[in-house]
Amino acid sequence: MKGVTLLGATGSIGTSTLDVLSRHPDRYRVEALTAHRDVTGMLALCSRFRPRYAVMADAGAASELAGKLSVGDCPTEVLAGVDGLEQVATLDQVEIVVAAIVGAAGLLPTLAAARAGKRILLANKEALVMSGRLFIDEVVAGGAELLPVDSEHNAIFQCLPVDFRRGLDGTGVTHILLTASGGPFRETPLEKLARVTPDQACAHPNWEMGRKISVDSATMMNKGLEVIEACWLFGLSPEQIEVVIHPQSLVHSMVQYTDGSLLAELGRPDMRTAITHALAWPERIESGVAPLDTAALGQLDFSEPSLERFPCLDLAYRAAHAGGGAPTVLNAANEVAVAAFLAGTLPFPAIARVIEECLEGCPAGNPGDVEAILALDGEARQRAVEPCAGLAGDPG
Ligand code: NAD
Ligand code: MG
């Protein structure tokens, strides 16, 4: 029986994870659930899963939840803030921490789980992108186990040789191919992008996800963040990562070997496959996902992404090449610009322009510790405010 802490329990990945956990009550015990400020959602989860702890990042929401839980017989203790998140990510009785908070807010609890030597199921790619080397060093120093939940990286993990962590030299791997659906605007005429709405951007053709990652998929910044994520997870250089548009989202990614073999992982676009794989690895257990009906698959299409349509992908490759603090700045500027777009104050094409302006002022050099990373993240968020305001009514 393994104890699990689920960071980001009320989100899309959180919901899929709880579905998988509830299929295996004999193997996994939910020790702690966390959320930002959704008291109603958390109350329902606490009644159903009866975790030892519930953490609300927002202090007001934590008091409200504690008040509501005190009237029933639920055994859950409520904690608050980043301290609470770090506490439940490091509990002795927890072996597995699912990192499914969205954005930079997930960094500190995920790093705490790494230091405490947990098995980390990483969905929160922003945490790894913003802290890169430091994150990987903490995983190694803490004796933690990092398993990718992002579907592309989970596919790559499954297609690489088992001992890939000793380095890819001599394994015959030449490069990897990350597949991308192209999002909802893959074929929208470019001149119409200035008027697309948040709801249109969040209507992803194949995956149901939170709003921030849905916008990232529409700009393809999601794939850009995934290129940087793959560099750190698999010890690759950006040149070894190719992005290919595959609108059906059935091939989740591929690994090219020197003898001409191209290994792929296929499945339905349902995150429960990757979550279950990472939970049980190296075992295989049931996830609730039906097998692909290969006879009914029809056509699988692949094409090269246009950098004119998807400038955010180009910006992410540039940040990956630049290294140092550039990925931290890229991520922070993107979070600010996407929030402004979702709030209806920034046109869709301006997201890339805000990020580009912020990257231009990016200081060289590597932020050496977590304080330096958080300081750089904060400065970049400040720097993004002005172009966000300046481009507010700009049709792009
Ligand atoms: P979501 O918006 O549906 O859920 C986010 C979760 O994080 C919620 O539980 C929310 O309460 C919590 N949260 C938000 N802000 C917080 C804060 N400031 N402090 C503490 N908690 C906070 O997002 P999602 O789609 O589940 O994505 C979560 C992460 O997984 C993201 O990093 C995303 O890129 C990654 N991911 C998601 C998918 C997917 O299919 N949804 C696929 C691959 C990777
Ligand atoms: Mg992905």
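At what angle do helix α7 and α11 pack, and how far apart are their axes?

## Helix packing

Helix α7, residues 151-159, packs against α11 at an angle of about 50 degrees, and the two axes are 9 Å apart. That makes α7 oblique to α11; angles under 35 degrees count as roughly parallel, over 145 as roughly antiparallel, 65 to 115 as roughly perpendicular and the rest as oblique. The axes here are lines fitted to C-alpha atoms, for helices over the stretch in contact, with angles running from 0 to 180 degrees between N-to-C directions.

As for handedness, α7 and α11 cross in a left-handed way, meaning that the near helix is turned anticlockwise from the far one by less than a right angle. Helices (H or I, at least four residues) and strands (E, at least two) are DSSP runs, numbered from the N terminus.

## About the model

This is a predicted model, where local features need pLDDT of at least 70, side-chain atom pairs count only at pLDDT 80 or more, and totals for chains, interfaces and linings use all residues. Residues are numbered from 1 along each chain as its sequence is written, chains are lettered from A and ligands numbered from 1 in the order in which they are written, and side-chain values use heavy atoms, with hydrogens and water left out.

## Salt bridges

Searching the whole structure turns up 25 salt bridges, each a side-chain nitrogen of Lys or Arg within 4 Å of a carboxyl oxygen of Asp or Glu. One of them pairs Lys125 with Asp150, with 2.9 Å between the closest N and O atoms. Lys125 sits in helix α6 (residues 125-142) and Asp150 in the loop between β7 (145-148) and α7, so this pair ties together parts that are 25 residues apart in sequence. Lys125 is buried at 4% relative accessible area, and Asp150 is buried too, at 8%. (Buried means under 20% relative accessible area, exposed over 50%, partly exposed in between, with a 1.4 Å probe and protein chains only.)

Elsewhere, Asp19 and Arg23 meet through their side chains at 2.9 Å, N to O. Asp19 is partly exposed at 27%, as is Arg23 at 34%. Arg272 bridges to Asp270, with the closest N and O atoms 2.8 Å apart. Shared partners link Asp19, Arg23, Asp270, Arg272 and Glu286 into one salt-bridge network. Within it, Arg272 counts as buried at 16%, while Asp270 is partly exposed at 21%.

Most residues other than glycine have a negative phi, and most peptide bonds are trans. Against that background, the bond from Trp281 to Pro282 is cis, with omega near 5 degrees. Pro282 belongs to the loop between α11 and α12.

Two non-glycine residues have positive phi values: Arg50 at about 45 degrees and Met220 near 70 degrees. Arg50 is in the loop between α2 (39-49) and β3 (53-56) and is partly exposed at 39%. Met220 falls in the loop between α9 (211-219) and α10 (221-234), and is buried at 2%.

Phe302 is in the loop between α11 (272-280) and α12 (311-322), and is partly exposed at 40%.
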